[in-house]
Amino acid sequence: ESGGAAKEQAYAKAADAARGLVAADASYDNILLLGETQLGASQYDAAIATFAQAGGKNASDWLPLFYTGQAHTAKGAYPQAVDALQKAVGKAAKGEDKARIYKQLGFVYEKQKNFDAAKTAYQSAGDGAAVARITQNQEIAAHNQAAEAEEKKVAELKKAQEEARKALEQGGAPPPR
């Protein structure tokens, strides 16, 4: 329910407890729990290492890779996030799990400004609203780019017009075109 620093403190306390749990029983579930708490506490490097350990215990599960992708995303390490998430998709069996992974993958591609890949991922997740949002944002960006180019042309024409006016006022010939 809490956010920000309060959330991170709560997760940090949970991570301490989870470390004790792993020390007592280093099962896959306990290691995964530790990684989840580290992720919530914004301890991304520790979480990545913990999820690698969990993946070693259960190489067929998609969750450690998914969480690794989330940790890399939070760090801004997008290529590593994409790699982990693509591996997770290959291991997920249920459609809802794949949709969850594809949504995260779409988010990462969007952060990288790889909009076509983001749309494909969001489509695979069944998230039509995200596809529509990206399409609309692309259209707005193209319109803004065209408007900026037009403004630049107008400014150049005004500058040339002013130079010609000054040349005529000084009795000279207008500048060549």
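**Close-up views of a predicted model**

**View 1. Asn 137 within helix H8.** Asn 137 lies in helix H8, which spans residues 128-169, and the structure shown here and in the following views is a predicted model. With a relative accessible area of 39%, Asn 137 is partly exposed, since this value falls between the limits of 20% for buried and 50% for exposed residues. Glu 110 belongs to helix H6, which covers residues 95-111. The relative accessibility of Glu 110 is 19%, so Glu 110 counts as buried, the limit for that class being under 20%. When residues up to four places away in sequence are left aside, Glu 110 touches Phe 115, Ala 118, Tyr 122, Arg 133 and Ile 134.

**View 2. The packing of helices H5 and H6.** Helix H5, made up of residues 78-91, packs with H6 at an angle of about 160 degrees, and the axes of the two helices are 10 Å apart. H5 is therefore roughly antiparallel to H6, because angles over 145 degrees fall into that class, and the crossing in which H5 passes H6 is left-handed.

**View 3. Residues at the contact of H5 with H6.** From H5, the contact is made by Tyr 78, Ala 81, Val 82, Leu 85, Gln 86, Ala 88 and Val 89, while H6 contributes Lys 98, Ile 101, Tyr 102, Gln 104, Leu 105, Val 108, Tyr 109 and Lys 111. The residues of this contact of H5 with H6 comprise 11 nonpolar, two polar and two charged.

Note on methods
Residues are numbered from 1 along each chain as its sequence is written. This is a predicted model: local features need pLDDT of at least 70, side-chain atom pairs count only at pLDDT 80 or more; totals for chains, interfaces and linings use all residues. Side-chain values use heavy atoms; hydrogens and water are left out. Helices (H or I, at least four residues) and strands (E, at least two) are DSSP runs, numbered from the N terminus. Buried means under 20% relative accessible area, exposed over 50%, partly exposed in between (1.4 Å probe, protein chains only). Contact means heavy atoms within 4.5 Å. Axes are lines fitted to C-alpha atoms, for helices over the stretch in contact, and angles run from 0 to 180 degrees between N-to-C directions. Angles under 35 degrees count as roughly parallel, over 145 as roughly antiparallel, 65 to 115 as roughly perpendicular and the rest as oblique. A crossing is left-handed if the near helix is turned anticlockwise from the far one by less than a right angle, and right-handed if clockwise. Ala, Val, Leu, Ile, Met, Phe, Trp, Tyr, Cys and Pro count as nonpolar, Asp, Glu, Lys and Arg as charged, and the others, Gly among them, as polar.
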